[in-house]
Amino acid sequence: MAPLHVLVPLDGSPLAAAALEHALETAVGEVTVLNVVTPLDGAMSEGGVLEPGQERRASARERADRLISRARQQVETVDRTVETAVDTGDPAEAILDFVESSDVDHVIMGGHGGDRGEIRRRLLGTVATTVVSEAPVTVTVVR
């Protein structure tokens with residue numbers, strides 16, 4: 001049976017864009033894109049190294065808005081309606097919480113964040129690994 005509600009987490013990487021493209025090509029039901037803004041004091045943000053501040057929070061939120069805007073543009077090319085969401089928190093936890101609270105029955109996501117440095121690749125790869133191992137629904141990882 002085809003999924004009725006597909007979630008595509010976005011992180012700005014080429015693989016996340018490919019995951020959205022795959023979802024748009026294969027999903028017959030509702031598609032939601034989600035960007036998770038990691039708090040600057042979170043373990044996966046640079047907040048542990050750099051001082052958090054209002055300017056950095058605003059910058060993170062602007063980046064999330066840009067990612068969602070790019071996703072909307074990508075969706076327009078295939079004439080589909082896609083819901084969008086932005087959340088704050090640990091990316092893996094936020095994705096898993098969204099799955100539970102929004103009746104998502106399939107997640108399609110990039111395997112890691114692309115060419116942004118070894119530490120970032122491993123961290124974002126950890127998000128995919130966590131979602132694959134803990135999600136109560138099917139997860140497709142685009143590589």
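## The overall layout

The protein chain has four helices and five strands. Here, helices (H or I, at least four residues) and strands (E, at least two) are DSSP runs, numbered from the N terminus. Starting at the N terminus, the elements go β-α-β-α-β-α-β-α-β. Keep in mind that this is a predicted model, where local features need pLDDT of at least 70 and side-chain atom pairs count only at pLDDT 80 or more, while totals for chains, interfaces and linings use all residues. Residues are numbered from 1 along each chain as its sequence is written, and side-chain values use heavy atoms, with hydrogens and water left out.

How much of the chain is tucked away? Of the 143 residues in the protein chain, 43% are buried. "Buried" means under 20% relative accessible area, "exposed" means over 50%, and "partly exposed" is in between (1.4 Å probe, protein chains only). The areas themselves come from the Shrake-Rupley method with a 1.4 Å probe, and for residues only the protein chains shown count as cover.

## Helix H1

Helix H1 covers residues 14-26, and at 1.5 Å a residue its 13 residues should span 18 Å. The expected span is 1.5 Å times one less than the number of residues. The end C-alpha atoms of H1 are 18 Å apart, so the two agree.

Now for the hidden side chains: the buried residues of H1 are Leu15, Ala16, Ala19, Leu20, Ala23 and Leu24. An α-helix has 3.6 residues a turn, so residues three or four places apart point the same way.

## Helix H3 and what follows

In H3, the buried residues are Pro91, Ala92, Ala94, Ile95, Leu96, Phe98 and Val99. Take Ala92, which sits in helix H3 and counts as buried because its relative accessible area is 5%. Its C-alpha atom is 9.7 Å from that of Val132, 40 residues away along the chain. Ala94 is in helix H3 too, and Ala94 is buried with a relative accessible area of 5%. The C-alpha atoms of Ala94 and Pro9 are 9.8 Å apart, though 85 residues separate them along the chain.

Just after H3 comes Asp103, with a positive phi of about 55 degrees, although Asp103 is not a glycine. Asp103 belongs to the loop between H3 and strand S4 (106-110). Is Asp103 buried or exposed? Asp103 is exposed, as its relative accessible area is 66%.

## A negative patch

On the surface, Asp87, Glu93, Asp97, Glu100 and Glu134 gather in a patch of negative charge. Patch members have over 30% relative accessible area and no salt bridge, and like charges are joined within 9 Å. A salt bridge is a side-chain nitrogen of Lys or Arg within 4 Å of a carboxyl oxygen of Asp or Glu.

Which helix gives the most to the negative patch? Helix H3 (residues 91-101) does, with three residues. Glu100 lies in H3 and is exposed, at 55% relative accessible area. Asp87, in contrast, is found in strand S3 (residues 83-88) and counts as partly exposed at 30% relative accessibility. Asp87 and Val37 are 50 residues apart in sequence, yet 6.1 Å apart in space, C-alpha to C-alpha.

## A buried spot in a loop

Ala135 lies in the loop between helix H4 (118-134) and strand S5 (138-142). Ala135 and Val107 are 28 residues apart along the chain, and their C-alpha atoms are separated by 8.6 Å.

How values were computed:
Patch = residues over 30% accessible without salt bridge, like charges linked within 9 Å, V, L, I, M, F, W, Y side chains within 5 Å. Lys, Arg positive; Asp, Glu negative; His and termini not counted. Charge placed at Lys NZ, Arg CZ, Asp CG, Glu CD.
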